[in-house]
Amino acid sequence: MTDFLQLDTVTVQFGALKAVDSVSIRVREGERRAIIGPNGAGKTTLFNAITGVVSATSGRILFKGEDVTRAPVHERAKRGMSRTFQITNLFPNLTVSENMRLALRGLSPRKFSLFGSSDLSAEEAARADGALEISRLHSRRETVVKEMSYGEQRQLEMAMALVAQPKLLLLDEPAAGLSPAERVIVSDIIRALPRDLTLVLIEHDMDLVLSLVDYVTVLNNGKLLVEAPPSEIRVNKDVQDVYLGKARHDA
Amino acid sequence: MTPAPTPAAAGKPSFMPRLGLAAVILGTLFFAIAPLLVPTYQISILTEVLIYAVLAMSVDILAGYTGRTPLCLGAVFGVSTYVTVYWTSTMGGSPYTGMMLGILAATLVAAIFAILAIRTTGVYFLLLTLALGMIIWGICLRWTSVTGGENGLRGAVRPAELAAHMPFYYVVFVAVAIITFIMWRFVRSPFGLTLRGIRDSDSRMRSLGYNVSLHMFIAFTVAGVFAGVAGALYAMFNDFVSPSTVALTQSVEGLLMAITGGVGTLFGSFIGALAIIGLENAVSIYTERWQTVLGLVFIFIMIFAPDGILGGIKTLLARKRG
């Protein structure tokens with residue numbers, strides 16, 4: 001497997017604060033990687049730098065071997081990056097079906113059709129149905145998003161990310177704010193994702209995240225603390241110190 | 001987590017479009033029959049209503065569908081009127097060529113405005129478009145050798161065969177019907193859906209692969225084309241243009257019509273134009289303070305029907321359907 005996503009000493013600085021500090025990560029094609037760390041560790045900022053929502057102050061980001069450090073968000077999406085957001089970021093006044101149409105056509109020239117029909121083609125409909133099926137929203141197509149529960153909105157985030165048939169899927173805390181039952185559904189959805197899809201995941205629920213991924217990157221205060229498989233992360237003293245507090249752990 | 005849809009929700013998609021279609025047919029019938037039932041002067045008012053409805057619909061493309069409220073489309077409308085009148089009066093050209101040139105000029109101005117305004121949102125977009133509109137007004141007021149300054153320009157736009165109110169009304173009626181159909185197709189198209197996406201979340205649109213700036217540019221320019229069409233029709237209607245045609249009040253009036261009818265409804269612009277122009281003419285018969293009355297009516301609508309008349313009706317119907 002080759003390096004699919006490569007971060008070389010990426011730093012993101014806001015004024016005097018280094019939210020991400022010289023982080024280097026290599027993710028192989030088809031790998032499932034978790035990025036964990038306590039609140040304020042710089043996980044979401046790192047996601048934002050990878051997807052182009054914020055610019056890296058220094059360092060390089062390579063995707064499929066190409067330098068995308070200065071590419072705008074929509075260019076990175078065109079190259080195959082898709083993401084979900086920590087705070088649900090959908091189109092609340094549109095229906096599930098319309099949200100899916102927007103996700104489908106982001107990379108299609110049909111989005112520039114000024115007077116054509118907005119209906120889905122057979123191929124588009126099959127893709128939308130497939131993603132809604134995986135995300136268990138197939139019966140909610142005509143529901144306006146703002147009328148859906150928070151859990152359903154998280155599922156729709158996943159469906160929209162999937163329908164674009166990305167090469168790299170970045171999930172930012174997909175289980176945040178969900179009930180235990182809803183977490184099970186979300187973890188089932190992630191498990192059902194195609195194995196050739198490269199996945200990078202931020203999540204606080206350790207049991208959930210360690211059961212889903214091949215490799216884990218731990219951040220603390222914007223810096224890379226450790227990278228290891230889940231089995232090693234579970235017993236790593238530095239990780240326990242970061243999550244539980246050094247003094248408490250020693251006690 | 002994924003409850004089955006309620007019967008009411010399942011029934012909505014088929015019910016609302018049918019009702020919408022019935023309302024469109026009724027509206028079309030109203031504008032087709034009304035001139036046969038009213039005095040000549042009121043045919044002229046109805047003609048003005050149709051023309052301003054196109055301006056209000058162009059405002060709605062940006063304010064209602066894209067979530068950016070423009071205060072310059074009145075100026076774009078006026079540029080088209082100026083060019084059309086200038087071409088027929090000063091250049092002695094054909095009115096139809098003049099109208100085409102007017103629409104072209106309006107499109108060009110809108111494209112330039114778009115380049116300057118598309119990266120702003122909210123109050124910044126509002127103020128920037130206001131400033132751009134004011135520049136046009138300033139040029140029309142001060143470039144006396146071309147625009148006639150405060151005196152304006154008297155044209156020869158309307159052909160002799162359309163000199164009477166009735167035939168001219170029906171020509172405008174047919175033209176506006178075609179334009180409205182085109183605009184309806186536009187807002188219902190895949191591109192129209194991207195505009196509604198930008199209105200709800202431009203950051204999400206970017207992450208899905210959309211070049212939001214490019215989409216905004218196209219939307220702004222298309223809105224300018226339609227404002228230009230309205231301006232060219234207005235040149236034929238009024239045969240006169242002055243700085244008041246490109247003034248801020250023109251843009252505000254277009255916006256008020258869109259809001260009164262209901263932003264994001266497109267057809268609400270006809271209700272808004274009819275309400276505002278109708279009130280202007282009706283109230284001004286009884287009092288010189290008709291603008292105060294109009295202001296009060298607008299406040300009343302904002303409080304009791306913030307989604308506009310058509311928007312309010314839609315909300316009410318949706319609520320009744322459960």
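First, the ground rules. This is a predicted model, in which local features need pLDDT of at least 70 and side-chain atom pairs count only at pLDDT 80 or more, while totals for chains, interfaces and linings use all residues. Residues are numbered from 1 along each chain as its sequence is written, chains are lettered from A, and ligands are numbered from 1, in the order in which they are written.

I start with the interface. In chain A, 39 residues are in contact with 26 residues of chain B; contact means that the C-beta atoms of two residues, placed from the backbone, lie within 7 Å. On the chain A side, at least two residues each come from helix 2 (73-78), helix 3 (96-105), helix 5 (150-163) and helix 6 (180-191). Helices here are DSSP runs of H or I with at least four residues, strands are runs of E with at least two, and both are numbered from the N terminus. Helix 3 of chain A gives the largest share of that side, five residues. By class, the side of chain A that touches chain B has 15 nonpolar, 12 polar and 12 charged residues. Nonpolar covers Ala, Val, Leu, Ile, Met, Phe, Trp, Tyr, Cys and Pro; charged covers Asp, Glu, Lys and Arg; the others, Gly among them, are polar.

What does helix 3 of chain A pack against in chain B? The partner is helix 8 (residues 190-200) of chain B, at an angle of about 105° and with the axes 10 Å apart. That makes the two helices roughly perpendicular, a label for angles of 65 to 115 degrees, with under 35 counted as roughly parallel, over 145 as roughly antiparallel and the rest as oblique. Axes are lines fitted to C-alpha atoms, for helices over the stretch in contact, and angles run from 0 to 180 degrees between N-to-C directions. From helix 3 of chain A, E98(A), R101(A), L102(A) and R105(A) meet P190(B), L193(B), T194(B) and G197(B) of helix 8 of chain B. This contact divides into three nonpolar, two polar and three charged residues.

Next, the sheet in chain A. Four strands form an open antiparallel sheet in the order 2-1-4-5; strands pair if DSSP finds at least two bridges between them. Strand 2 (17-28) and strand 5 are at the edges with a single partner strand each, so one side of each has no neighbour in the sheet. Strands 1 and 2 of chain A are joined by eight bridges, with Q13(A) opposite K18(A). Strand 1 (residues 3-14) also pairs with strand 4 (residues 58-63) over five bridges, and D8(A) has R60(A) as its bridge partner. Strands 4 and 5 of chain A form a hairpin with two residues between them, where K64(A) in the turn has a positive phi of about 50°. Helix 1 (residues 43-51) of chain A lies across strands 1, 2 and 4, at about 65° to strand 2.

Strand 9 (residues 215-220) and strand 10 (residues 223-228) pair antiparallel over five bridges.

Last, two helices of chain B. Helix 7 (residues 165-188) has 24 residues and reaches 34 Å from first C-alpha to last, close to the 34 Å expected; the expected span is 1.5 Å times one less than the number of residues. Helix 13 (residues 268-286) of chain B has 19 residues that should span 27 Å, and its end C-alpha atoms are 27 Å apart, which agrees.
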